[in-house]
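Dear colleague,

Please find below the structure that I am handing over to you. My findings follow it.

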Amino acid sequence: MYGWIWRHLPGNTWVKALISLLLALAIVYALFQYVFPWAEPLLPFNDVTVDNGLPAGSALTEWR
């Protein structure tokens, strides 16, 4: 896949490298701005099923 992209980019090696860097930055930007915020509510990071083992009402649970 990367070879196909490299062969189809215009210019010499330096121009291809610059365009490749710009493409990679554009992809990272799109992921952070659009894809990750869209997918974040779908991920189970806040679904905690294990408590810390302290009884309810202990000093440490009230302190937090």
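The chain has three helices and zero strands, in the order α-α-α along the sequence. Helices (H or I, at least four residues) and strands (E, at least two) are DSSP runs, numbered from the N terminus. This is a predicted model, in which local features need pLDDT of at least 70, side-chain atom pairs count only at pLDDT 80 or more, and totals for chains, interfaces and linings use all residues. Residues are numbered from 1 along each chain as its sequence is written, and side-chain values use heavy atoms, with hydrogens and water left out.

Helix α2 covers residues 13-39.

Why is V35 counted as partly exposed? The reason is its relative accessibility of 37%, since buried means under 20% relative accessible area, exposed over 50%, and partly exposed in between (1.4 Å probe, protein chains only). Buried residues make up 6% of the 64 residues in the chain.

Yours sincerely

Definitions and conventions. The expected span of a helix is 1.5 Å times one less than its number of residues.
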